[in-house]
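Please walk through the charged pairs and the nonpolar packing of the structure shown here.

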Amino acid sequence: ATPPTEAAAVEAAATEAEALPPSGEAAGSTASPCPESTPPPERDAAGCDDAPPAEPTEHPPSAAGLAAGASPEHPPTIAEPVVGSTKSAEGAVAAEMPPSFQPLDATEGQQQQEWVVELHRDTVKEALGFAHTCGRSVFLKARGTLAEKGGGPEALLVTKMSLSGLLGAWNLQNEERAVQPGDYIVEVNGARGNEKMRAHLTSAAQLQLRVARHPEVFYVRLQKRPEMMRVGFRFERVNDGPGVGLRVITVSDQGALEETNWMHVTHGLFHLVVTPNMVVTAANDVDSSPAAIEAELRSADSLRLRILRPESPSIERAKLAMQVSSIRNLLDAHAQGGAALGAPLVGA
């Protein structure tokens with residue numbers, strides 16, 4: 001059973017999700033500003049936003065980054081810039097490619113899911129029923145002190161949803177293409193870029209949204225070489241829960257991991273950038289324990305790391321609030337004889 005304090009928090013979150021305003025920016029969605037760049041947050045000595053876990057460990061020398069590419073069938077959320085050129089796509093920056101940079105095989109599950117959502121409203125004041133924030137700001141905050149290097153996705157991160165809005169109605173009718181908190185809107189009516197997308201959300205009666213969902217698990221390859229013998233991240237061991245492995249505490253700006261991250265940024269592959277709180281759950285298929293993963297990182301010259309992307313607490317609360325709202329609505333409808341209790345939960 002849910003503890004009383006947690007139940008109260010969930011109820012409050014559900015009430016907040018249902019109370020999204022019927023008008024305002026994006027007519028039923030609420031938004032936070034998206035600055036051109038976000039200064040890095042204040043960090044403690046361990047480089048974490050919160051107090052560091054006990055005894056984080058400096059990783060031994062490791063590998064040069066190999067990056068994962070996107071297939072033509074699953075393009076990244078923005079166009080790719082020409083690497084080594086001064087020209088770049090929106091949200092990405094150009095940089096010289098290191099000798100070790102190579103794409104992973106396209107079959108390794110590196111692509112993010114993308115699908116189209118179609119909404120129609122009779123007036124622009126009709127509620128879309130979701131809140132969003134600037135995806136670039138969230139990305140740069142996750143990058144911490146490395147945010148000053150720039151880059152970031154031109155996308156709107158969905159943070160809350162209401163079952164009573166147009167997007168909630170879409171979810172009820174399109175379970176396989178349902179939108180959840182944590183998804184990204186990368187295109188609206190063919191327009192990309194945050195300001196253009198917001199303009200369409202505010203003024204257009206007919207909306208076609210391209211939505212992207214980052215993979216929960218992805219891979220990066222590292223190859224040790226004389227000029228880059230340091231992985232460059234601090235970690236803590238995670239011995240229980242869904243993500244057993246090595247949780248990233250900080251990423252150094254002078255290591256192979258950041259070299260790989262930066263190549264992903266330059267290619268617009270922001271969903272393949274490793275940031276703090278992600279967990280290394282395997283190294284070269286070694287995943288029996290955190291100690292075994294660490295030993296493999298120390299001994300192997302070539303590494304294929306499996307990375308687990310945990311959800312932020314706020315996104316988890318928003319999804320839970322949607323489930324609570326779904327259950328409440330189903331119970332109310334059942335009490336009135338208008339719905340079956342077996343109906344699917346939105347956002348489950």
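R143, K149 and E258 are joined in a network of salt bridges, a salt bridge being a side-chain nitrogen of Lys or Arg within 4 Å of a carboxyl oxygen of Asp or Glu. Side chains of opposite charge can pair when their charged atoms come close. The search of the whole structure finds 14 salt bridges. The model is predicted: local features need pLDDT of at least 70, side-chain atom pairs count only at pLDDT 80 or more, and totals for chains, interfaces and linings use all residues. Residues are numbered from 1 along each chain as its sequence is written, and side-chain values use heavy atoms, with hydrogens and water left out.

One of the salt bridges joins R136 to E154, with the closest N and O atoms 2.3 Å apart. R136 lies in helix α2 (residues 135–143) and E154 in the loop between α2 and β6 (156–161), so the pair ties together parts that are 18 residues apart in sequence. Helices (H or I, at least four residues) and strands (E, at least two) are DSSP runs, numbered from the N terminus. R136 and E154 are both buried; buried means under 20% relative accessible area, exposed over 50%, and partly exposed in between (1.4 Å probe, protein chains only).

Another salt bridge is formed by the side chains of R247 and E236, at 2.5 Å from N to O. This pair links distant parts of the chain, since R247 is in strand β11 and E236 in strand β10, 11 residues apart. R247 is partly exposed, with a relative accessible area of 26%, whereas E236 is buried at 15%.

E294 counts as buried at 8% relative accessibility, while R298 is partly exposed at 42%.

Next comes the nonpolar packing. A nonpolar core is a set of buried Ala, Val, Leu, Ile, Met, Phe, Trp, Tyr and Cys residues joined through side-chain atoms within 4.5 Å. The largest one has 23 residues, and those with the most contacts inside it are F233, V274, V280, L297, L305 and I307. At least two residues of this core come from each of β9 (217–223), β10 (233–238), β11 (245–251), β12 (279–283), α6 (290–299) and β13 (302–308). Leaving aside residues up to four places away in sequence, L305 touches F218, Y219, V220, L222, V280, A282, A283 and L297, where contact means heavy atoms within 4.5 Å. A second, separate core has 20 residues, including V117, L167, V188 and L207.
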